[in-house]
Amino acid sequence: MDFDLTEEQRLLKDSIDGLLTDCYDFESRKTYMKEKGGWSKAVWGKLAEQGLLGLPFAEADGGFGGGGVETMIVMEALGKALVLEPYLATVVIGGGFLRHAGTDAQKAAHVPGIVDGSKTLAFAQLEKNSRYDLFDVATTAKKKGEAYVIDGEKFVVLNGENADTLIVTARTKGNRRDTTGIGVFLVPANAKGVTKKSYPTQDGLHAADITFTGVEVGADAVLGNPDDSLALIERVVDEARVALCAEAVGLMDESLKTTVEYIKTRKQFGVAIGSFQSLQHRASDMFVAAEQARSMSMFATMAADFENAKERSNAIAAAKVQIGKSLKFVGQQSIQLHGGIGMTMEAKIGHYFKRLTMIENTFGDTDYHQRRVADAGGLV
Amino acid sequence: MDLAFTKEEQAFREEVRSFFRDNVPPDTRRKLVEGRHLSKDEMVTWWRILNKKGWGTSHWPTQYGGTGWTSVQHYIFNEELQSYPAPQPLAFGVSMVGPVIYTFGNEEQKKKYLPRIANVDDWWCQGFSEPGSGSDLASLKTKAERKGDKWIINGQKTWTTLAQHADMIFCLCRTDNNAKKQMGISFIVFPMKSKGVTVRPIQTIDGGVEVNEVFFDDVEVPYENLIGEENKGWDYAKFLLGNERTGIARVGVSKERLRRIRDLAGKVESGGKPIIQDAAFREKLAACEIELKALELTQLRVVADEGKHGKGKPNPASSVLKIKGSEIQQTTTELLMEVIGPFAAPYDVHGDDGSNEAMDWTAQIAPSYFNNRKVSIYGGSNEIQRNIIAKAVLGL
């Protein structure tokens with residue numbers, strides 16, 4: 001039983017916090033947002049220089065052999081600084097598929113580019129009617145000799161605009177909501193038949209809706225079993241949920257800190273509004289919510305390595321529920337305690353609120369995961 | 001970071017669990033599961049079993065009969081005790097006055113009181129709250145005047161838990177009226193059968209009598225019954241209240257209750273099928289289980305921190321334990337009410353000794369719900385806890 005970071009992990013935390021303090025103040029973020037695809041190539045290069053983009057990959061594959069705790073540290077820091085760069089899409093999700101299912105050739109083709117920052121990835125999974133069910137896949141991948149032909153539409157693909165490679169879920173067999181017959185494919189973003197419609201998202205990131213029309217890929221594009229990869233998808237998305245939990249903890253920490261600072265300085269009736277008990281109690285409840293979230297983020301980080309997939313999923317679902325409840329409370333009350341200024345685009349607190357809110361609606365919301373836990377027999 | 005228990009810790013859990021299995025009287029366990037009150041005999045019998053095993057005062061320093069366990073072992077012991085369930089050691093003796101005596105008392109006091117506390121030869125009660133001093137405890141008025149080698153004590157205490165069983169009371173008394181209110185308080189102990197002590201029961205909304213008013217009318221107490229220094233009582237009280245930071249979450253109690261809810265919800269029908277099959281109920285239950293898991297982890301963070309850095313530096317997360325722990329305890333009693341539905345209503349006029357078998361599983365559910373409203377009030381109300389977080393953690 002040990003909740004402390006190792007010496008190396010503390011150094012990692014210090015180095016990423018230091019990097020982001022130097023290059024990621026709120027004003028700089030606004031300029032990064034205006035670059036193509038909505039994030040800064042220069043910052044991405046700095047993350048690569050510090051080895052952060054290769055963190056979770058095995059040393060044999062050119063990475064640094066980091067585990068879940070290392071990713072948690074990075075995601076918390078990225079959340080705290082409200083970072084736009086596609087770490088989740090590229091390193092956590094894209095990297096996750098390559099780590100868990102990539103052949104040596106696939107890793108050799110993709111990992112070095114991720115690690116050195118020259119290539120980014122995106123996960124094309126969401127469909128018009130799939131909502132949060134990962135097995136609900138209408139996009140098809142039909143076998144044609146050794147090759148596959150992909151047809152379908154994917155939505156809200158984060159980093160879809162800039163990604164060099166798309167990781168696409170598509171059905172090789174069966175009907176839309178069957179749990180078998182789902183494959184995962186590495187598709188070059190510039191492949192013939194790929195069309196993209198890009199747009200900014202509510203939280204300042206960029207995403208794309210992507211249509212696949214007769215997109216042909218070779219056998220070397222298949223990640224894992226083309227006919228039965230739901231377990232793989234669930235595993236990687238579980239890791240993405242864990243990463244989102246950590247990001248949310250960082251966002252909540254900074255939201256609470258910013259809000260407490262604000263009510264200490266904002267004066268009304270001749271005194272700091274933080275001297276009013278109603279506001280003190282609200283801030284205390286925000287603290288409680290944030291601490292409960294932190295506990296579950298740690299729990300989820302550990303659970304990602306559970307051998308039993310059902311227990312892993314159940315624990316991570318539980319964490320996403322707690323994070324969802326906490327982030328809604330902390331986010332909303334941060335705005336409330338800021339008053340009018342919290343409503344403006346000019347103040348940074350609203351941008352934290354918006355990112356938190358989008359996390360709630362990514363890879364399953366509170367209700368969705370609460371139902372999963374309930375249907376799995378609870379969490380005893 | 002590694003949240004798994006070590007092999008040794010797991011073996012310890014097994015040892016504790018099997019001791020409870022073999023030694024907790026079955027009737028005592030059943031009464032606790034059903035939310036009944038235990039008789040004085042039942043409690044004392046169990047505590048003496050625990051003391052004989054050497055676990056009655058587990059967290060005391062070893063020279064006074066403690067076990068020398070790590071903070072994780074204490075955590076495991078408490079969790080197993082609460083979730084078996086078995087009665088917890090009498091907090092007023094073992095967790096409150098005991099540590100004050102071995103920390104601030106003189107040798108004679110240690111020799112006189114500690115073994116009797118450990119074996120519950122004396123049942124202790126706590127004389128802190130007064131009618132006019134609840135959350136503002138330091139405003140207390142009960143007066144101890146020194147006359148020669150005696151104290152003369154006058155005043156009134158209230159919410160004195162199980163004073164009807166008590167042999168001894170530890171009492172905060174005002175000994176200096178001119179000092180700042182926190183500075184003029186002393187910590188004095190005396191027998192409940194002293195002349196001039198009157199106990200009047202207070203019936204609470206659950207119908208039970210757990211708490212009392214205690215009146216002092218010219219009670220004569222030997223001067224040497226003062227613990228520590230005169231007018232330093234407030235420091236000792238703060239020490240005493242800060243001692244049991246992690247136990248207050250009562251995670252094991254809530255775990256046990258959630259198991260009972262699952263069990264009952266599989267039996268009680270709603271709409272022609274067990275209520276556990278009702279999606280809305282099931283999700284509410286899951287929501288509570290998730291909150292409890294988060295609290296358990298928060299508690300473990302505090303425990304691990306204490307193990308590493310000692311008890312001196314409170315972890316900010318510890319402030320969360322009282323608020324969340326009490327809210328979850330209350331939610332579990334609400335869920336039990338929901339499970340039994342209309343059968344919450346009948347009131348067992350025979351009391352809660354278990355003699356009325358027709359009502360053996362329903363009778364205590366509503367009273368337990370009513371009774372558990374107290375948990376967000378006692379031990380520093382949840383509003384006081386929020387004040388503490390605002391001030392000590394957030395710097396507001």
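Domain bounds as used here come from an automatic or database domain assignment, and on that basis chain A is divided into domain 1 (7-119), domain 2 (122-227) and domain 3 (231-375). The C-alpha centres of domain 1 of chain A and domain 3 of chain A lie 22 Å apart. The structure is a predicted model, in which local features need pLDDT of at least 70 and side-chain atom pairs count only at pLDDT 80 or more, whereas totals for chains, interfaces and linings use all residues. Residues are numbered from 1 along each chain as its sequence is written, and chains are lettered from A and ligands numbered from 1 in the order in which they are written.

Chain A contains 11 helices and 10 strands, where helices (H or I, at least four residues) and strands (E, at least two) are DSSP runs numbered from the N terminus. The radius of gyration of chain A, taken over C-alpha atoms, is 21 Å, which agrees with the value near 21 Å that a compact globule of 380 residues would have; the globule rule behind this expectation is 2.2 Å times the number of residues to the power 0.38. Along its principal axes, the C-alpha trace of chain A spans about 80 × 50 × 40 Å. In chain B the secondary structure comes to 12 helices and 10 strands. The radius of gyration of chain B is 22 Å, close to the 21 Å given by the globule rule for 396 residues, so chain B is as compact as a globular protein of that length. The C-alpha atoms of chain B fill a box of roughly 75 × 55 × 50 Å, taken along the principal axes.

Within chain A, 19 residues of domain 1 are in contact with 23 residues of domain 3, two residues being counted as in contact if their C-beta atoms, placed from the backbone, lie within 7 Å. On the domain 1 side of this contact, the elements that give two or more residues are helix 4 (68-80) and helix 5 (87-101) of chain A, and the largest share, 10 residues, comes from helix 4 of chain A. By class, this side of domain 1 has 12 nonpolar, 5 polar and 2 charged residues, with Ala, Val, Leu, Ile, Met, Phe, Trp, Tyr, Cys and Pro counted as nonpolar, Asp, Glu, Lys and Arg as charged, and the others, Gly among them, as polar.

In an unreviewed UniProt entry, the annotation "domain: Acyl-CoA dehydrogenase/oxidase N-terminal" covers residues 6-117 of chain A; UniProt positions are given in the numbering used here, feature names are shortened, and annotations may be inferred rather than shown by experiment. This span is 66% helix and 0% strand, and its end C-alpha atoms lie 27 Å apart. For "domain: Acyl-CoA oxidase/dehydrogenase middle", UniProt (unreviewed entry) lists residues 123-209 of chain A, a span that is 0% helix and 51% strand, with end C-alpha atoms 11 Å apart.

Chain B is divided into domain 1 (7-89), domain 2 (124-232) and domain 3 (245-393). The C-alpha centres of domain 2 of chain B and domain 3 of chain B lie 31 Å apart, and their contact takes 6 residues from domain 2 and 5 residues from domain 3. The residues on the domain 2 side divide into 1 nonpolar, 4 polar and 1 charged. UniProt lists residues 125-219 of chain B for "domain: Acyl-CoA oxidase/dehydrogenase middle" (unreviewed entry), and over these residues the chain is 0% helix and 52% strand, with the end C-alpha atoms 17 Å apart.

The contact between the chains takes 33 residues from chain A and 35 residues from chain B. On the chain A side, helix 7 (230-265), helix 8 (277-303), helix 9 (309-338) and helix 11 (366-375) each supply at least two residues, and the largest share, 14 residues, comes from helix 8 of chain A. The residues of this side divide into 18 nonpolar, 9 polar and 6 charged. The axes of helix 8 of chain A and helix 12 (residues 382-393) of chain B come within 8 Å and cross at roughly 85 degrees; axes are lines fitted to C-alpha atoms, for helices over the stretch in contact, and angles run from 0 to 180 degrees between N-to-C directions. The two helices are therefore roughly perpendicular to each other, a term that covers angles of 65 to 115 degrees. Residues making this contact include H281(A), D285(A) and F287(A) of helix 8 of chain A, and R386(B) and I389(B) of helix 12 of chain B.

How values were computed: Angles under 35 degrees count as roughly parallel, over 145 as roughly antiparallel, 65 to 115 as roughly perpendicular and the rest as oblique.
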